[in-house]
Amino acid sequence: MTVIHEYPETSALASAFGQFVIDEQNKALKNHDEFLVAISGGSLINVMRKALVDNETIASQIQWPKWHVYFSDERLVPLDHADSNYGAFKKAVLDELTHKQIAGPTVYTINESLVQEGGSENEKIAQEYELLLPSKRPFDLILLGCGPDGHTCSLFPGPKHAYLLEETHRKVMWCHDSPKPPSDRITITLPVVLASETVAFVAEGSAKKPIMDEIFNTVNKTLPCTLVNLRRSDPSAGDTTPDNAATHWFVSSDAIAGLRIETAAY
């Protein structure tokens with residue numbers, strides 16, 4: 001089941017997104033002691049800041065010490081580098097929690113010492129990060145963005161990166177020669193996304209309208225975002241997909257303006 005939630009501005013989107021995350025947190029904590037979350041980078045992290053830190057009503061309900069935060073993809077750069085997803089999350093969320101004297105989540109990062117080596121060590125970084133991923137149950141929630149080319153995580157469309165989308169056993173892969181710099185990254189694979197209890201995308205801005213049309217109207221099956229929608233909606237297409245798997249999209253009005261896309265409030 002794929003549901004699209006539309007909002008006219010970032011503040012309204014962030015508020016609804018924050019309530020959604022609270023609901024997913026509470027659902028997970030009914031049965032488990034921890035909330036397992038994977039996040040990507042980019043504009044998603046800014047929305048997380050607005051929703052989960054700046055919004056006092058939402059922030060007061062976040063049980064950060066019970067969160068275990070992983071990265072759905074990470075750029076192979078030092079953790080304090082401007083391109084690091086962890087670095088962006090630290091600056092936008094973790095540092096703010098520290099400033100407010102709020103106990104933060106457990107966060108799982110890449111092995112920074114291997115980043116300096118590069119080359120063959122990149123495969124080792126992916127292998128080590130795979131060992132950090134939850135082993136006893138799937139993620140409760142994976143939060144993703146959508147690139148203008150339809151990529152998500154660091155799963156890119158096209159023959160050059162087909163090895164990433166075709167992987168069925170590995171949970172984390174080294175993405176080399178990324179079409180978007182930095183060229184070296186690691187990424188969780190499609191089976192991990194399919195297995196998650198819930199997946200949510202955030203897409204904002206008029207620049208996203210062409211790819212939104214391809215994903216939801218043309219239904220371009222070469223795009224990773226489309227594959228997530230389709231395969232999570234059809235459990236028979238992926239053995240690890242949970243029953244009634246939910247995929248939510250939180251989008252700005254200008255990202256789908258004029259497109260024939262049915263939306264629903266959250």
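Me: What percentage of the 266 residues of the chain count as buried?
Reply: The model is predicted: local features need pLDDT of at least 70, side-chain atom pairs count only at pLDDT 80 or more, and totals for chains, interfaces and linings use all residues. Side-chain values use heavy atoms, with hydrogens and water left out, and residues are numbered from 1 along each chain as its sequence is written. Buried means under 20% relative accessible area (1.4 Å probe, protein chains only). By that criterion, the buried share of the chain is 52%.

Me: What radius of gyration does the chain have?
Reply: The radius is taken over C-alpha atoms, and the globule rule is 2.2 Å times the number of residues to the power 0.38. For 266 residues, a compact globule would have a value near 18 Å, with which the chain agrees at 17 Å.

Me: How are helix 2 and helix 4 oriented to each other?
Reply: Helices are DSSP runs of H or I with at least four residues, numbered from the N terminus. The axes, lines fitted to C-alpha atoms over the stretch in contact, come within 10 Å for residues 43-54 and 85-99 and cross at roughly 15 degrees. Angles under 35 degrees count as roughly parallel. Helix 2 and helix 4 are therefore roughly parallel.

Me: Which residues of helix 2 make the contact with helix 4?
Reply: Contact means heavy atoms within 4.5 Å. Helix 4 contributes Asn 85, Ala 88, Phe 89, Lys 91, Ala 92, Val 93 and Glu 96. From helix 2, the contact is made by Ile 45, Met 48, Arg 49 and Val 53.

Methods:
Axes fitted to C-alpha atoms, helices over the stretch in contact; angles between N-to-C directions. Helix = DSSP H or I, 4+ residues; strand = E, 2+ residues; numbered from the N terminus. Parallel < 35°, antiparallel > 145°, perpendicular 65-115°, else oblique. Buried < 20%, exposed > 50% of the residue type's maximum accessible area, 1.4 Å probe, protein only.
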